[in-house]
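Dear colleague,

I am passing on a structure for you to look over. Please open it alongside this message, as my notes on what was found follow below.

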Amino acid sequence: PCVTLLCSVLAEKTGKVLGEFCRCYREQYGVALFNSVRYEIEGNGGPQAQLLHRKVPLEDHVIYSGNLFQYIEENKKWRNRFCVVPHNYGLVLYENKLAYERDLSPRVLINSAGYKILTSVDQYLELVNSSLPGVTPKSGHSPILKCPTDFPLILWHPYARHYYFCVMTGKEQEKWRAVFQDCVRHCNNGISEDSKVEAPAFTDAIRMYRQSKEQYGTWDMLCGTETQVLSNLVMEELLPELRTTISPRLKGKAQERQRTWIQISDAVYRMVYEQTKAQYDAVMAQCEQERPQMESTIRTDMDQIITSKEHLASKIRAFVLPKAEVCVRNHVQPYISSILEALMTPTSQGFAEVREVFFKEVTDMNMNIVNEGGLEKLVEYMEKLSHLAFHPVKMQSCYDKMDQLKLEGLQQRFDVSSTSVFKQRAQIHMRQQMDDAVYTFETLLHQELGKLQGKDDLCKSIQRILERVLKKYDYDSSTVRKKFFREALLQITIPFLLKKLAPTCKGELAKFQELIFEDFASFILVENTYEEVVLQSVMKDIMQAVKEAAVQRKHNLYRDSMVMHNSDPNLHLLGEGVPIEWGEEYSGQPEAEPLSDKRRRAKQVVSVIQDDEGVLPYEVGTEVLLQPGSPEPREPEEPDPGAPPSSLGAVEVIREALEKENLSAAPPSPAPRADVPSGAGMPQAAPASPVPEADVSSETRVPCATPASPTPGAETPSPPAGAPCHQPSDKETGEEVVLPGGECSPPQPMGMTESGEGVQTEF
């Protein structure tokens, strides 16, 4: 009864938060729709990009695959897993490589949105200790997690379950870390920018809701899909109260209480997710149903709506602007140049590194073509170059530049909780600019190939095209960075100004509501118009600061008046053509391969360091890990069609966790010794034979007169890609178990397979 009551209270509080958010969303939907239609009619485009943008995404590649060890919480053992990262950046874990090659169902699918990648157990323990105040293991006691190697990789989330991995060498750890961070970066960016109505309506509704709770500024958990972001919003409010209620009732050693708390938090998060998804889908459907009528009204009365909005803005401006300008002059203007400089240095270094990596890869390719052969080698290198932007290891030097971003005292002054939002945004821009440069290069080169005579012409043409693309990259890079700087400055200063002005202005806004015609009330909001006036009060200073930086040629920024007159007038027509298939077009094949064969040839972007399944070295005791020759655990059985939904599964998890801790004040059962592995006493596994590490670039090069930098190597071919790339489901914030039939099972309570390993489930 206690657990049922708790779940009922949680569901009620979740419904209340979602109800308030949905009200904000419906209001912002009308405003976003009006802005979208107005932009469509009036147009307000900026400078035209010089580089081409890939319209058909690359989907025939695997980012990375290889073996690592995963800690299974249910039986407290480390298991060897074969991990595949497909082009959609989901983490897919198989029992072993053979299971992947045989197209068996994966053990786990992980959507890494909202996770942090930790490479130190101490970092992890610090976060775990802070998540449950007052519960810290005493000195000398075993911590919640012990890693058998010195190279852990831990995925930590403030609400969802955690994942524990380790590898055998530092080189493997660095490569996996780069891959995992790329997955997090991609999954965090889960709200589609192609949506011109739903996306701005959602993000504005989140911002308005948080501001109504006196929470201004950037938010670290605005990551993932809309449902994931909303679940984070609910958990942000639920967790403190839940912690206060549950924490005193947890029994056992500190480690057990921490472990139980993580399981309870994860179970609540899954309950919240299911309820959030249902409620958000309902409000989305309602808005979509009303959209045709709203859009018809907007198009019919566009002029009247604009006139009405301008009249409202003039009244609010007369009331707010004098106060806002004083606030800007005293509290913002003196610091704009300092913030801009702090942003410009690491960002521009990162974009310069993108340029350098692209230049190096193309130059090395050209020099190797001179020494190794003509068109045949070109095809091989171009297939690798086309995936350069998606190579986490080669791009890592670009991303690392953003780690230098420090706002120092400015961060506290403007109440910026973290710089991670700006770092990630800049890194996404870097990857996009790299892919645009690569795609423009291969499009121009493909156009030239039919006119070339011999190897010398090919090399000269490559060099000439490279110079053209670099000029275009410099121009586009400047445009993208200036836009990023303006947006970042607004993200930092606007919440600060709104918070400063709230005591004197916010309470007076209600009187302006009467200025809006009832027919237009869905498209004009007093709160949004007020924020636009505040934005205008600081926008002039921000634009001037960025303009001055460009005039002084700081960090290779171009002036706004700078236009590339030597741009290719027909280049963008080339980008509308069919995607280039280098292997198919120039490999001499008489006809196109069937789709199944093409998928089987999927290239792996990052080469494998260690492809063998090893054995972990244990200092105290040993345990036999699952090797290819060991009996495989049985797959979970098909669920009963009448099985309860995932929310009830989460209830069972909470009930089991609370009963385990004997909330009725029964004495806790003795915990197993943490210093002895659960496999102690089992036959000792043979030590793994040393495996030579293969460098990323492993092909044989022909010596040439000019020493060339290492070029992209012949990657270890990935396992056959006949197995479908499992998309990180919109229904998950962590993982889900996939049944042998290929369909994902509905979420079930955490159980045990006959092998003793917990069936890892998540919505």
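**Helix packing and aromatic contacts**

In this predicted model, F202, I206, Y209 and R210 of helix 5 meet E226, V229, L230, L233, E236 and E237 of helix 6, where contact means heavy atoms within 4.5 Å, and helices (H or I, at least four residues) and strands (E, at least two) are DSSP runs numbered from the N terminus. By class, this contact of helix 5 with helix 6 has six nonpolar, no polar and four charged residues (Ala, Val, Leu, Ile, Met, Phe, Trp, Tyr, Cys and Pro count as nonpolar, Asp, Glu, Lys and Arg as charged, and the others, Gly among them, as polar). Helix 5 (residues 198-212) and helix 6 (residues 226-246) pack at an angle of about 5°, with their axes 11 Å apart; axes are lines fitted to C-alpha atoms, for helices over the stretch in contact, and angles run from 0 to 180 degrees between N-to-C directions. The two helices are therefore roughly parallel to each other (angles under 35 degrees count as roughly parallel, over 145 as roughly antiparallel, 65 to 115 as roughly perpendicular and the rest as oblique).

Residues are numbered from 1 along each chain as its sequence is written. Local features need pLDDT of at least 70 and side-chain atom pairs count only at pLDDT 80 or more, while totals for chains, interfaces and linings use all residues, and side-chain values use heavy atoms, with hydrogens and water left out.

Turning to the rings, the structure holds 22 aromatic pairs (rings of Phe, Tyr and Trp, its six-membered ring, pair if their centres lie within 6.5 Å; planes under 30 degrees apart count as stacked, over 60 as edge-to-face and the rest as tilted). One of them joins Y64 and W176 edge-to-face, at 4.5 Å centre to centre and 65° between the planes, and links Y64 in strand 1 (residues 61-72) to W176 in helix 4 (residues 170-188), 112 residues apart. Y64 counts as buried at 2% relative accessibility, and W176 is buried with a relative accessible area of 1% (buried means under 20% relative accessible area, exposed over 50%, partly exposed in between; 1.4 Å probe, protein chains only).

The rings of F319 and F512 have centres 5.9 Å apart and planes at 50°, so that pair is tilted. F319 lies in helix 8 (residues 302-372), and F512 in the loop between helix 13 (454-505) and helix 14 (526-551), 193 residues apart. Both F319 and F512 are buried.

Best regards
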